[in-house]
Structures are given as C-alpha cells and as structure tokens.
Amino acid sequence: MGPRGRGLYVGRRAAAAGAALLLALLLALLVLAALYGRCRREEAPPPSLRAPGPAAPPPPAAAAGSVRRLPRHLLPLHYDLELWPRVRPGQAGPFAFSGQVNITVRCLRDTGAAVLHSSGLRSHGAAAVRGPLSEPGAAVEVAELRHDQEGEVAVLELRGRLRAGHLYVLQLGFQGRLEEGLDGLFLSRYTDQGQSSMLIASQMEPTYARRVYPCFDEPAMKATFNIRIIHNPSYVALSNMPAIDVSEVKDENGSLWTVTTFNTSLKMSTYLTAFVICDFNYVTRTERGNEIRIWARKEAIKNGYVDYALNITGSIFAFLEDILNVSYPLPKTDLVAVPGFGAGGMENWGLIIFQEAALMNLPSEEFTIRKAMIASVVSHELGHQWFGNLVTMNWWNDLWLNEGLASYFEYLGATFVEPKLPLDKIFYAHIVQPVLREDSEIARSLSESEDKINGSFSLMSLFDNITYSKGASITWMLSGFLTEKLFLKALTSYLKEFSFSNANQDDLWTHIQMVVDAQDEVQLPAPIKQIMDSWTCQNGFPVLTLNLTTGTVRQEQFFNKNNRKSTDSYNNTWIIPISWMRNGSSQPLTWLDKSSKMFPEMQVSESEYDWILLNVNLSGYYRVNYDQINLKRLARLLENDPKAIPAVSRFQLIDDVFALTDFGYVPIETALELTKYLAREDELFIWNMVLLNLIPDNLESTLKNHEVYPLLKKYLLKRMLPIYHYYAGFIPQNVDALEDDYFAQAYLEKFMATACWLGLQDCLDLSSELFAKWRENPEYKIPLLIRRTVYCYGVAVGSDKEWNFAWEMYNHTDSDEEDEDILLYAMSCAKESWLLHR
Ligand code: BES
Ligand code: ZN
C-alpha cells in the first residue's frame with residue numbers, strides 16, 4: 001500500500017493528467033495548426049519549451065489477500081487481547097510477537113466448528129472453548145485447530161456443538177513475525193537526535209487485523225475490546241483507548257517488561273483497532289474534554305514541527321461536532337507521525353496514524369499549500385471518526401460511505417481552519433475535474449453489489465478515485481440540491497440511528513427521505529433513492545446536449561466515440577439537477593429526469609447577448625455540450641467580459657469542451673474558440689487546466705519536435721504574457737506576497753516552466769539571472785515556488801559552467817533531499833548532449 005496522488009494531499013488518489021491518446025492529440029493539434037493559420041491572418045504572432053508536471057498515477061496496490069466471508073453462526077461481542085512484541089531497543093532482528101485472544105461470542109446457529117479470520121499466525125499453546133457461559137465451568141472440547149492460509153481463516157473443529165442463543169469464549173494463543181513492513185503489526189526504523197531508533201505500529205485496514213490476532217475481521221462484526229500490550233519499559237504503548245494501568249512482568253529469563261492496560265473500547269470494527277509502541281514525545285491540548293496528543297520523533301516535537309497540526313486538530317473536531325450535531329464519544333485522541341508509514345493517514349478510532357510528511361511543517365513555513373495539505377489530511381481522518389468509525393459501512397461494496405464522505409468533510413474542515421482557501425475552485429480542480437476525466441474510462445459504479453466483493457476480489461482496488469473523488473463529488477451535488485441545512489440534518493439522523501453499528505447506502509437515502517418529507521421548502525422530482533441510485537449504481541456520468549433554439553436538453557452517457565462504433569451507446573439515464581444562469585442571473589434549479597426534455601425557459605433569442613450557462617457552481621457531476629450558437633455567444637462573452645462567468649464555470653466550460661473534443665463529440669476548433677479570450681484570464685487554476693489539455697505531460701517531448709510546436713508557441717505565449725508578467729512581478733523580491741495564494745503555490749512553477757518551454761525570452765532571462773545570482777552567492781536561496789523551473793532553465797540556457805555548478809551543489813553535503821532531487825532533474829535539462837552524457 002502506498003500513498004497516491006489526489007486532492008490537496010498528494011497522497012492516495014491520483015491527480016488526473018487528462019492526457020488523451022497520442023494519435024488523437026497529434027491529429028487534433030494539426031487542426032490547431034490549421035486554425036492558427038486563420039488566427040495568424042487576424043493578429044501578429046508572439047514567440048518557445050517544456051514543463052515538469054504531476055506524476056502519472058501509480059498502478060493500484062496489490063491484492064490484500066482473500067475476502068472470504070465468515071459463516072454467520074457466531075457473532076463476536078468482546079475481545080480480551082494481549083499483544084507482546086518481543087522487541088528491545090538496539091536489538092537486532094528477526095523479531096516476533098506473541099499474543100493471547102479470548103473472544104466472547106454469541107452463537108446464532110448451532111455449529112460444530114468455529115471459523116474466524118487468521119493469517120500468517122501460528123498457534124501458541126492449546127486453543128480452548130469455554131461455555132456456554134450460563135453454565136459455570138462448562139467447556140467444549142477442541143478436536144483440531146486448522147489454519148487455511150489461502151482463505152485466511154482458522155477453523156476450530158469441536159467435539160461438541162455450540163448451541164444457538166448461548167455465549168462462549170474462544171481462547172487462542174498465537175505467534176507472528178514482526179517485520180519492517182507497511183501492514184499488520186510492523187516495525188519501523190528511523191533516526192532521532194542522531195540516534196537510530198525503532199518503533200512498532202499497526203495498519204489494519206482493510207483486512208490486516210487478522211495478521212495480528214485471530215478475529216472476526218469483517219466491518220459489520222463490531223465488538224468491544226480490552227487490550228493489553230507488553231513492551232520494553234523504555235517505550236510507551238498506545239492504543240484506541242486511554243491507558244488505565246501500567247505494571248510490570250518478568251519473562252521466562254527474568255527480564256522486566258512493562259504491561260500497559262487500556263480501557264474497554266466502544267463497539268468497533270477490527271480494522272480500526274490500533275497499536276503504537278514507541279519512544280516519542282508529544283504535545284497536547286484538550287478540546288471539549290477530548291485530550292488530544294500529537295506524537296512524533298523527539299526532535300520534531302522540540303522543533304515545533306507538529307505545532308500547526310495541534311493548533312488545528314481541536315478546531316476541526318469542534319467544527320465537525322457542531323455541524324454533525326453528534327459528539328465525539330472518546331475521551332482522548334492520539335495522532336502519531338510514524339516515519340515510513342504507508343498511507344497518508346489512517347483513521348483508527350482514537351489513535352490516528354499519519355505519514356510524517358502529512359502532519360509536519362517547519363514553523364517558518366508560512367506557505368498555505370503545506371498547511372492546506374496538513375489541514376486536509378487531518379480533516380479527512382477526523383471526518384472518519386464519524387463516517388467510518390461511529391457508523392461503518394456494512395460491507396466494502398459501500399466503502400464510499402467511509403471514504404467519499406470523509407473526502408467531502410476533508411474540504412469543509414480544511415477551509416474551516418484555513419478560510420482563505422478558495423474551497424469551490426480547489427474542490428473542482430482537485431476532485432471533480434480529475435475524476436470526471438477518469439470516470440468515463442472506468443467500468444465500475446460507486447456502489448458495487450455486495451456479492452461482487454468476495455473471493456479473490458482485491459479490496460485495495462476499491463480505494464480509488466471513484467470511491468474517494470466521485471464519492472465526494474456526488475456528496476457535493478447532493479448537499480447542493482438538498483441545501484446544506486437539510487443535508488446535515490439528514491446526516492445527523494443517520495449517524496444517530498447507526499452509531500456503533502453499520503449501514504449501507506439505502507440507509508443513508510432513508511434518512512435523507514425522512515428529512516425531505518418533513519419539510520416543504522425543497523421539492524424533489526422523485527424519491528431520493530431513485531435520484532441517488534442513478535448516480536451511485538450506474539457506471540460513468542451523463543453529458544447534456546443542448547439545442548437552445550428549441551430548448552431541448554438531452555442526456556446520454558459520456559463515452560469515447562472514437563473507441564466504439566457510433567451506433568453503440570448506453571441506455572443509462574440519470575436524474576439530473578440543473579442549476580443554470582441566463583445572461584448573468586441565476587435561475588431556479590430544474591431537473592432532467594428522462595432522456596430528453598423541453599425547457600421552453602431555456603430557449604435563446606436572436607440576440608447575440610442572450611446566453612445560457614448550465615451546471616453553475618459545480619452543482620452536478622456531469623458535462624455539458626452546448627450548441628454552436630450558445631457556444632459562440634459564450635466565447636464572445638469571454639472575450640469581452642470574462643468575469644461575467646464565474647471562475648469555476650469558466651473552468652468547467654473549457655474543461656468540458658476539451659473533454660468533448662477528446663471523445664469525438666466536437667471538433668478541436670470549438671475548444672480553441674473558447675481559449676481565444678485567455679489573454680484576459682487571470683486565474684492560474686484555469687491556466688493549469690488549459691495547459692494540461694493542450695500540452696499533456698506525456699506529449700511534451702513529442703510536441704517539441706512536431707511541426708505544430710511553433711504554432712502552439714505563438715498561440716499560447718501571446719495569451720500567457722499578461723498573467724506571466726503579473727506573477728513574474730513578484731519574483732524575486734516579493735514572493736512572500738504570494739503566501740496566501742494557494743494556486744500560485746500549486747501551479748506557478750508549472751506555469752513558468754511552460755512559459756520557458758515555449759521559449760518565452762523573459763522567462764529564460766529570469767531563470768539565468770536568478771541562477772547567476774545563486775552561482776555568485778551560494779547562500780542565496782532561489783524562491784522555492786519556482787526553484788525547479790529556475791534550476792532547469794538556468795542549466796538549459798547556460799553552458800558547462802552552470803551544469804558544473806549544479807553538479808557541485810548536488811554533491812554539497814548541505815543540500816537537502818528535496819534540493820538534490822531538483823538539482824538532479826535540472827542537470828538533465830542541459831541542451832548539450834555531451835553534458836548529458838557525463
Ligand atoms: N482509510 C484510509 C487509509 C487506507 C487507505 C487504508 C487504503 C487502507 C487502504 C485513510 O482515511 C485515507 O483515505 N488516507 C489517505 C489520505 C487522505 C487525506 C485522503 C491516504 O492515505 O492517501
Ligand atoms: Zn479515508
């Protein structure tokens with residue numbers, strides 16, 4: 001499991017590059033050449049190179065073993081769990097852990113065998129079954145304990161039968177290997193204050209709890225836990241609940257160990273149990289009776305690296321409690337920054353674990369983007385304390401109820417603590433747009449059928465952009481048409497009903513319906529289940545095709561017409577909320593609930609100035625294909641008064657039309673019509689999308705040598721100049737002024753790199769000037785915001801002197817890892833091939 005790109009936190013889910021097929025793009029760009037021919041007659045041309053961009057999404061993580069379901073004979077009620085990792089500081093491996101689990105179960109159906117999950121564990125001592133508990137001293141003899149490694153289950157064959165309606169205790173001793181890994185119980189090595197150290201931590205989701213202790217490892221099999229950890233006296237042990245006792249025990253050799261006992265947990269799923277054994281320090285604060293501690297390497301605590309995280313955690317907790325109107329039920333929350341942790345964050349109830357980079361910042365780092373990333377990871381994991389921990393999906397097919405909702409609250413929480421963040425733009429640019437790009441190619445729906453997630457199905461494959469980003473986008477749409485007030489009211493009712501228990505998406509729909517039925521301000525065209533199932537149970541999403549002369553709006557599934565016969569299409573229909581605007585004024589929300597419908601109110605007149613805009617403020621998860629008349633009017637409006645269209649809608653409009661071009665709905669000329677106004681576009685997030693569409697990262701080198709390059713260069717540079725000069729004006733003296741400009745921090749470097757790649761002389765001059773300044777005084781720091789671009793073009797336009805300097809700095813002991821990486825990349829930017837071959 002590894003973090004993937006997405007959202008503010010460049011972690012699990014992938015940032016979409018939006019690159020289309022190579023061939024299609026080359027063809028499209030040839031058309032651009034033709035168009036440019038037309039443009040050239042109209043206007044005088046401006047002046048040329050390349051840009052670094054977001055990495056392509058990594059392949060999905062490997063399968064997490066089997067998802068074999070357990071028989072329903074036994075229901076776990078309570079676990080008494082002791083874990084003893086045999087690790088002493090400074091000791092060399094291999095390491096092991098041992099443990100004992102006593103599970104109280106209720107028998108629901110008579111059975112002669114107890115089946116539970118267990119993977120990679122060996123028995124330690126004899127297994128036993130006590131009970132029925134109503135008969136003191138009673139026991140059922142165990143005939144055999146079998147481990148089915150492939151099925152990841154342990155089977156206790158019994159000589160007697162367990163009888164329905166009675167309680168029993170399954171008693172199992174076990175042993176496992178403790179390795180440097182990323183899941184189950186694992187060891188992590190790191191350095192702190194110049195010393196090498198190690199810690200033990202856990203990662204159970206989705207199905208690694210069974211690698212740590214035999215258990216009923218399904219999200220709906222909730223139980224309470226009494227946990228005890230035996231560890232070296234110099235370490236501290238943490239788990240979901242507060243420690244209530246610390247005592248000592250001697251092992252078989254007479255050496256002392258510490259026993260930390262934790263309070264009984266609330267009813268919870270096994271995948272949320274957690275353990276950390278470490279030699280960390282912490283900072284703490286109490287918010288509404290919840291003791292929050294942030295644990296990290298001592299050095300990091302001393303230097304204040306987690307102070308920002310501590311500052312925001314309490315406020316986000318309070319914010320979530322207030323909007324959800326359900327209080328956080330635990331008395332404490334530990335947040336631990338684990339070096340080398342595999343995920344960005346993991347929401348274990350009361351013991352949230354993070355990757356260091358997701359929780360730490362330098363106190364001197366005032367940059368919004370870093371704080372925004374920490375705020376978003378923390379908000380996401382705190383969101384799970386309600387969606388996931390308090391109420392858990394019944395089965396993994398509804399994972400979006402966890403991850404989609406947490407991803408939605410991630411954005412609300414982050415903007416609550418960092419109000420300067422432009423929420424709607426970030427949400428559209430990081431969540432909606434990338435997943436719309438992916439969702440048309442992926443054959444899966446947000447909510448899968450339960451039976452499908454069985455056998456050898458890879459649960460890890462469910463932790464993808466569909467679950468996270470489509471889940472969050474659909475939630476955004478839902479909250480939009482319901483109004484936030486009703487939506488939150490329904491969530492409160494849903495959370496209250498299913499606390500300490502499980503739910504599926506129909507349960508959510510039921511609670512929304514109850515709230516909708518109890519008022520008359522918001523009227524829906526159909527039951528909420530019918531509306532929402534059309535989004536969560538069908539693959540993909542719709543595109544609306546407009547004929548505004550007649551006022552007809554038609555929907556069809558958005559699909560790649562280049563990939564299939566034009567007759568081949570889907571019959572899916574969605575119930576679509578349409579927020580719209582006419583000539584700048586918002587119109588009442590309307591609905592398209594069949595494949596095609598007439599909206600007389602949307603007809604446009606002959607006037608050039610009469611225009612319509614749909615899906616305003618990202619209210620819906622779909623694309624819009626306008627007719628030529630309206631598009632011309634919108635293009636003209638953009639040229640005359642771009643701000644007449646809200647920024648998010650400008651983004652949508654242009655991204656939709658490029659997507660329509662890629663998929664063979666409209667010719668490239670149509671897309672380019674909408675880019676003509678760009679000289680007046682001052683939003684970097686829109687520019688970033690345009691450049692991704694016109695110069696996809698994977699096509700940069702191909703384009704550079706293609707006949708279309710000079711045309712692209714002239715077309716773009718002329719339009720990029722105003723915004724280029726605006727931002728270049730802050731560099732080098734005044735970059736601090738961009739401290740609150742989230743998108744400058746996210747996209748300026750790439751934008752500058754594209755300007756240089758296109759050969760903008762000012763950009764090349766600026767790079768060599770700053771590079772020279774650094775060469776004269778190696779103490780001088782080129783602003784981080786554009787360092788990558790400056791290093792690269794400093795070397796690219798320079799000679800061997802610049803290259804040698806980069807090499808020298810690369811080998812300099814002071815340079816940090818990030819700088820080394822940038823320098824390595826910069827050296828590859830050299831133009832002279834003899835330099836590259838050195
Ligand atoms: N529950 C996940 C962690 C997880 C992911 C466990 C996949 C098992 C498999 C956690 O809440 C999460 O989504 N973490 C994200 C970061 C978050 C800010 C989106 C991650 O680790 O990338
Ligand atoms: Zn999550």
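Across the interface of domain 2 and domain 3 of this predicted model, the rule finds one salt bridge, a term that stands here for a side-chain nitrogen of Lys or Arg within 4 Å of a carboxyl oxygen of Asp or Glu. The side chains of D740 and K420 meet in a salt bridge, with 3.1 Å from N to O. Seven residues of domain 2 are in contact with four residues of domain 3, where contact means heavy atoms within 4.5 Å. The size of an interface is often given as the accessible area lost when the parts come together. For domain 2 and domain 3 the buried area is about 470 Å², and 67% of it lies on carbon and sulfur atoms; buried area is the accessible area, with a 1.4 Å probe, that two parts lose on being put together, summed over both. The centres of these two domains, taken over C-alpha atoms, are separated by 46 Å.

The division of the protein chain gives domain 1 as 19-43 + 541-699, domain 2 as 62-285 + 392-530 and domain 3 as 729-836, with bounds that come from an automatic or database domain assignment. Residues are numbered from 1 along each chain as its sequence is written, while chains are lettered from A and ligands numbered from 1 in the order in which they are written. Because the model is predicted, local features need pLDDT of at least 70 and side-chain atom pairs count only at pLDDT 80 or more, whereas totals for chains, interfaces and linings use all residues, and side-chain values use heavy atoms, with hydrogens and water left out.

The metal site comes next. The zinc ion (ligand 2) is coordinated by H380 through NE2, by H384 through NE2 and by E403 through OE, at 1.9 to 2.1 Å; donors are N, O and S atoms within 2.8 Å of the metal (3.2 Å for Na, K and Ca), and since water is not among the atoms, sites may look incomplete. Along the chain, the donors of the zinc ion (ligand 2) follow the spacing H-x3-H-x18-E. H384 lies in helix α4 (residues 368-386) and E403 in helix α5 (residues 400-417), so the pair ties together parts that are 19 residues apart in sequence. Helices (H or I, at least four residues) and strands (E, at least two) are DSSP runs, numbered from the N terminus. H384 counts as buried at 0% relative accessibility, and E403 counts as buried at 2%, where buried means under 20% relative accessible area, exposed over 50% and partly exposed in between (1.4 Å probe, protein chains only).

Several strands can be followed through their pairing, which requires that DSSP finds at least two bridges between two strands. Strand β1 (residues 74-85) is mostly covered, with nine of its 12 residues buried. β1 runs antiparallel to strand β2 (residues 95-107), to which 11 bridges join it, and the bridge partner of L83 in β2 is G99. Six bridges join β1 to β12 in the parallel sense, and there H78 stands opposite T224 of β12. Strand β3 (residues 111-117) has six of its seven residues buried, so it is largely enclosed by the rest of the structure. β3 pairs with strand β8 (residues 153-162) in the antiparallel sense over six bridges, and L116 has A154 as its bridge partner in β8.

Some details of the backbone deserve attention. Most residues other than glycine have a negative phi, and most peptide bonds are trans. The peptide bond from G131 to P132 is cis, with omega near 0 degrees, and P132 is placed in the loop between β5 (128-130) and β6 (139-140). A cis peptide bond also joins E205 and P206, with omega about 0 degrees; P206 has its place in the loop between β11 (195-203) and β12 (224-231). F500, a residue other than glycine, has a positive phi near 60 degrees and is found in the loop between α8 (484-498) and β23 (501-503), where F500 is partly exposed with a relative accessible area of 29%. N615 has a positive phi of about 60 degrees although it is not a glycine; N615 sits in the loop between β29 (612-614) and β30 (623-625) and counts as buried at 1% relative accessibility.

Finally, V432 lies in helix α6 (residues 423-439) and is buried, with a relative accessible area of 4%. Leaving aside its neighbours within four places in sequence, V432 is in contact with F427, S473, L618 and Y621.
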